[in-house]
Amino acid sequence: MDLFTPHGCNDFPRHEKAEVGMPLAARMRPESLAEVAGQQHLLAPGKLLRRAIETDRFSSLIFYGPPGVGKTTLAYVIARQTSAYFVKLNGVESNVSDIREKIAEAKARQTLHGQRTILFVDELHRFNKAQQDVLLPHLERGTVRFIGATTENPYFAINSAMLSRSQIFPLEPVPDVDIVALLRRALSEPERGLGYMRLDVADDALAHLALKADGDVRKALTALEVAVLSTPVAEDGVVHVDLAVAEESIQKKAIKYDRAGDGHYDTISAFIKSMRGSDPDAALYWLAFMLNAGEDIRFIARRIVICASEDVGLADSNALRVAMAAAQAAEMLGMPEARIPLAHAAVYVATAPKSNAAYAGINAALQDVREGKTLAVPDHLATPTRKKLARLRGVSEEATDYKYAHDFGDEHYVPQAYLPEGRVYYHPTTNGMELRITERMAYLRSLREQSGDGKENGGA
């Protein structure tokens, strides 16, 4: 392709089996929206991105997500769908002069052939401010239709000026079921895939490749190609690929674990119950089991956070802080380093004193609310307008007088009813730091009883 060729995508030649050396992942690159694996949150009928593509109504797009989920592929499919000329730059290799050259070519192409150009920048987060600034006026004028791809959060990695001119779409890891379907299609297609060979690939081998790819389509296709091409033809003239071959091809041993089935739920249940039961050794084992199986580290981190608040609670409030910090660290680091903060948090939660008093309290309060036990806000806690109406009804000024706690003594406390009837939801334990809460609540309860407000407020 050259500047004077009006149609086609110069950076993506047509996929042909005869092209020597082209990897399977490249040959199987989707050429239409129907072939794109996963991303249904963006591409399902009626979704914003799909509508924008089908109606050809978009200007600048930024895709972000982990490697192998289809950012480049989707940009290419958009170019084909909209009959645009596709130009690709890389954030690491390209400089300002490269950008200006592509912009000039896009202007000429529009003038000579009336064809728009999609300028795709891979690893957009590698562009410095000067490189991004060069693009800005051309995005505003529509000289090119811009699509950027990044593995980094664009709200941190991309200039705000470019963000304001772009629509941002997060791409997610491709579900295992979609990866398996794509692998089967690769095995059946004779031109772009491996269908020209006599193959027998076991179902559990395909499932293992999809699981270990961890949402990365390119990794799964590459592993399948290695498995097929490295396995000798058997006496029956067929290449047989079983689970053992698949394990070797993706360089990770399979374990019995189904992220969508019983293995997933049984293991996470054992992990949580081990932390709740104060067994750090068991917690570490089940954590290791899930990490080795390719479990989503965000899912694991969320469960640790929940356990820190539900099961440790106020017995050691630092557990929640540690769990939150570990979740953020794991998200920032990714595997394999994410195992370190996750283990840190799991052991902390497992060894911390336990109390579910706050958890039990909110459940009890919610049950009362859901069962219709709605209580009116006491007059002295209401807004000034409500207080005036109460006085018009004959309620005494003393009964509507709210006592500001900070005005009363060194402890900043004054006995005062906060519920119209006595109810107790929070029952602190004597574990860990909650012992101090238990002692203080008992002291405050005695003050309320002395003042006569204990009965009204339930002593809580």
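Student: Which residues make the nonpolar surface patch of about 310 Å²?
Tutor: In this predicted model, that patch is made by Tyr-402, Tyr-404 and Tyr-418.

Student: Where does Tyr-402 lie, and is Tyr-402 buried or partly exposed?
Tutor: Tyr-402 lies in the loop between helix H19 (384-392) and helix H20 (434-451), and its relative accessible area of 37% makes it partly exposed.

Student: Changing topic, how many aromatic pairs are there?
Tutor: The count comes to six aromatic pairs. In one of them, Tyr-285 and Phe-289, the ring centres are 6.2 Å apart and the planes stand at 40°, so this pair is tilted.

Student: And how are Tyr-285 and Phe-289 placed in helix H14?
Tutor: They are four residues apart in H14 (residues 280-292), which means that about one helical turn separates them.

Student: What about strand E4, is it enclosed or open?
Tutor: Strand E4 (residues 145-150) is largely enclosed by the rest of the structure, because six of its six residues are buried. Both faces are covered, with Arg-145, Ile-147 and Ala-149 buried on one side and Phe-146, Gly-148 and Thr-150 buried on the other.

Student: Which ring does the charged end of Arg-145 sit over?
Tutor: The charged end of Arg-145 sits over the ring of Phe-58, 3.9 Å from its centre.

Student: Which strands pair with E4?
Tutor: Strand E1 (residues 60-64) pairs with E4 in the parallel sense over five bridges, and strand E3 (residues 117-122) also pairs with E4 in the parallel sense, over four bridges. On the E3 side, Phe-120 stands opposite Ile-147, and Phe-120 also forms one aromatic cluster with Tyr-76 and Phe-86.

Notes. Residues are numbered from 1 along each chain as its sequence is written. This is a predicted model: local features need pLDDT of at least 70, side-chain atom pairs count only at pLDDT 80 or more; totals for chains, interfaces and linings use all residues. Side-chain values use heavy atoms; hydrogens and water are left out. Patches are made of residues with over 30% relative accessible area and no salt bridge: like charges are joined within 9 Å, nonpolar side chains (Val, Leu, Ile, Met, Phe, Trp, Tyr) within 5 Å. Accessible areas come from the Shrake-Rupley method with a 1.4 Å probe; for residues, only the protein chains shown count as cover. A salt bridge is a side-chain nitrogen of Lys or Arg within 4 Å of a carboxyl oxygen of Asp or Glu. Helices (H or I, at least four residues) and strands (E, at least two) are DSSP runs, numbered from the N terminus. Buried means under 20% relative accessible area, exposed over 50%, partly exposed in between (1.4 Å probe, protein chains only). Rings of Phe, Tyr and Trp (its six-membered ring) pair if their centres lie within 6.5 Å; planes under 30 degrees apart count as stacked, over 60 as edge-to-face and the rest as tilted. A charge sits over a ring if NZ of Lys or CZ of Arg is within 6 Å of the ring centre and within 35 degrees of the ring normal. Two strands pair if DSSP finds at least two bridges between them.
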